[in-house]
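Thanks for asking me to look this one over with you. Please have the sequence and the model open side by side as you read.

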Amino acid sequence: MKRDITVWIESENTPPSGETDKTSEKTSGTLYIKNDLYLISYKESSEGLEDTTTTLKLKKDRLALMRSGKIVSHIIFEKGRPFNGIYPTPYGDFPITVTVNEIDIYSGDDSGYINLKYILSLAGEEINNKLIVKYKTVT
């Protein structure tokens with residue numbers, strides 16, 4: 001099943017310096033549902049992510065974030081299972097480790113949300129992150 005949705009994205013990033021960077025965005029996207037698999041896909045408009053499509057693959061306690069286009073990446077968020085990978089940026093590719101502190105996902109046919117708190121270890125720094133994604137079908 002394929003549905004048009006509105007997506008709200010809020011993120012907070014707090015580096016060791018303690019200065020929190022907050023962003024929020026509202027965009028349109030598509031929800032794909034097949035059995036118990038939910039995929040949310042939307043085009044990014046944040047600075048540095050222009051011409052990039054983000055796809056979120058939702059399972060009960062696991063989130064896969066995949067980006068394609070200008071930026072290509074794949075990160076898996078799962079509590080108790082640190083993710084090691086490469087994080088591409090306009091300034092080069094960096095090795096990362098993602099450690100999930102909290103993950104709460106609700107996937108419904110008409111609406112849903114993701115509440116995620118995690119630590120991103122990048123270039124020797126640990127950055128505390130919070131990501132909230134909500135979606136609702138367009139009627």
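My notes follow as numbered points, going from the overall fold to single residues.

1. **What we are looking at.** This is a predicted model, in which local features need pLDDT of at least 70 and side-chain atom pairs count only at pLDDT 80 or more, while totals for chains, interfaces and linings use all residues. Residues are numbered from 1 along each chain as its sequence is written, and side-chain values use heavy atoms, with hydrogens and water left out.

2. **Secondary structure.** The protein chain has ten strands and zero helices. Both come from DSSP runs numbered from the N terminus, with helices being H or I of at least four residues and strands being E of at least two. Along the sequence the pattern reads β-β-β-β-β-β-β-β-β-β.

3. **The sheet.** In what order do the ten strands lie in the open sheet? The order is β6-β5-β4-β3-β2-β1-β10-β9-β8-β7, with antiparallel pairing. At the edges are β6 (73–78) and β7 (83–89), each of which pairs on one side only. From one strand to the next the twist averages 30°; the axes behind this angle are lines fitted to C-alpha atoms (for helices, over the stretch in contact), and angles run from 0 to 180 degrees between N-to-C directions. Two strands pair if DSSP finds at least two bridges between them.

4. **One pairing in detail.** Strand β1 (residues 2–14) and strand β2 (residues 21–34) run antiparallel and are joined by twelve bridges. If you want a place to begin on the model, V7 has T27 as its bridge partner in β2.

5. **Overall dimensions.** The C-alpha trace of the protein chain spans about 45 × 30 × 25 Å along its principal axes.

6. **Burial and contacts overall.** Of the 139 residues in the protein chain, 40% are buried. Buried means under 20% relative accessible area, exposed means over 50%, and partly exposed lies in between (1.4 Å probe, protein chains only). Among contacts between residues at least 6 apart in sequence, 35% join residues at least 24 apart; a contact here means heavy atoms within 4.5 Å.

7. E44 is found in the loop between β3 (37–43) and β4 (52–59). Is E44 buried or exposed? With a relative accessible area of 9%, E44 is buried. Its side chain makes a polar contact with the side chain of T54 at 2.7 Å, and another with the side chain of R67 at 3.3 Å. A polar contact is a pair of N or O atoms within 3.5 Å; within protein, one must be able to donate a hydrogen and the other to accept it, and residues adjacent in sequence count only if both atoms are side-chain atoms.

8. **Salt bridges.** The structure holds five salt bridges, each defined as a side-chain nitrogen of Lys or Arg within 4 Å of a carboxyl oxygen of Asp or Glu. One of them joins the side chains of E44 and R67 (3.3 Å, N to O). This pair links distant parts of the chain, with R67 in strand β5 (residues 62–69), 23 residues from E44. R67 is also buried, at a relative accessible area of 15%.

9. **Two further salt bridges.** R62 and E78 meet through their side chains at 3.4 Å, N to O. R62 lies in strand β5 and E78 in strand β6, 16 residues apart; R62 counts as partly exposed at 26% relative accessibility. R62, E78 and R81 are linked in a network of salt bridges. The side chains of K117 and E102 also form a salt bridge (3.9 Å, N to O). K117 is partly exposed at 33%, as is E102 at 43%.

10. **N129.** Please look at N129 too, in strand β10 (residues 125–137). N129 counts as buried at 7% relative accessibility. Its side chain reaches the backbone oxygen of I127 at 2.8 Å. Leaving aside neighbours within four places in sequence, N129 is in contact with E12, N13, L116, K117, Y118 and L120.
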